[in-house]
Each structure stands twice: as C-alpha cells, then as structure tokens.
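Hi there,

Here is the structure I promised to pass on.

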Amino acid sequence: MGKNIAIAGVTGAVGQEFLRIIEERKFPFDSLKMLASSRSAGKQIDFMGKTYTVEELTADSFEGIDIALFSAGGGRSKEFAAAAVKAGAVVVDNSSAFRMDP
C-alpha cells in the first residue's frame, strides 16, 4: 500500500532530487502533490509517466497527506511544517529550521 506524499519546494534542486530518489528506489505512493511558491504554481512537471501541476504551498496543502518532504527553505518550513503535522503528515525537513530543536 502506497502513501500520499507532498513535496514542498518541488521545483528547486533538492525537490527535484526527492523526485529522482522516489523513482530510483521505486518508493510506493498512491498520490503525489507537488508544492512550491506562487511563482511556480501552475507549472507542469512530468514524473513517472504522469503530468503533475505544481500547486502553491499553503497551510491547507496537507489534507490527506501521509508524508511531507520539505525543501522550501527554513522560513517556509517554520511557516508550514506545523500545518502538515496538524493534518496528520510525517514531516521530513531538509532545511536548518529544526536542526537544534529536540
């Protein structure tokens, strides 16, 4: 059974690496939500034979998401990671925002 995944910062270098690793390791997922800034919203990304539309990252982006991968910068992580957790997602954050947080 796959998971519902969201990638915050999907259009950046690390976001693209998240996609590469998901494909390379054949990570099972049922759905994939691609999130980024309003500047990137609407962009189309082809991934594993499907075209995805990038959505703007907001506090409401995480309904039904099991795993949220964050690489949108420390400020964006501090702003939106708690919303992802509140929605029930496990958050993996690549920024320095929570590195010293026990």
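**Salt bridges in the model**

Glu24 has a relative accessibility of 47%, which makes it partly exposed. Please keep in mind that this is a predicted model.

How many salt bridges are there? The count comes to three.

Let me start with Glu24. Its side chain meets that of Arg20 in a salt bridge, with 2.5 Å from N to O. Glu24 and Arg20 sit four residues apart in helix H1, so about one helical turn separates them.

Which residue does Arg20 also pair with? Arg20 forms a salt bridge with Glu17, and the closest N and O atoms there are 2.5 Å apart. Both Arg20 and Glu17 belong to helix H1 (residues 13-24), where a spacing of three residues puts them about one turn of the helix from each other. Arg20 is partly exposed, at 40% relative accessible area, and Glu17 is partly exposed too, at 33%.

Then there is helix H2 (residues 74-86), in which Arg76 and Glu79 are three residues apart, about one helical turn. Arg76 and Glu79 form a salt bridge whose closest N and O atoms lie 3.5 Å apart. Arg76 counts as partly exposed at 27% relative accessibility, and Glu79 does as well, at 49%.

Best wishes

Notes. Residues are numbered from 1 along each chain as its sequence is written. This is a predicted model: local features need pLDDT of at least 70, side-chain atom pairs count only at pLDDT 80 or more; totals for chains, interfaces and linings use all residues. Side-chain values use heavy atoms; hydrogens and water are left out. A salt bridge is a side-chain nitrogen of Lys or Arg within 4 Å of a carboxyl oxygen of Asp or Glu. Helices (H or I, at least four residues) and strands (E, at least two) are DSSP runs, numbered from the N terminus. Buried means under 20% relative accessible area, exposed over 50%, partly exposed in between (1.4 Å probe, protein chains only).
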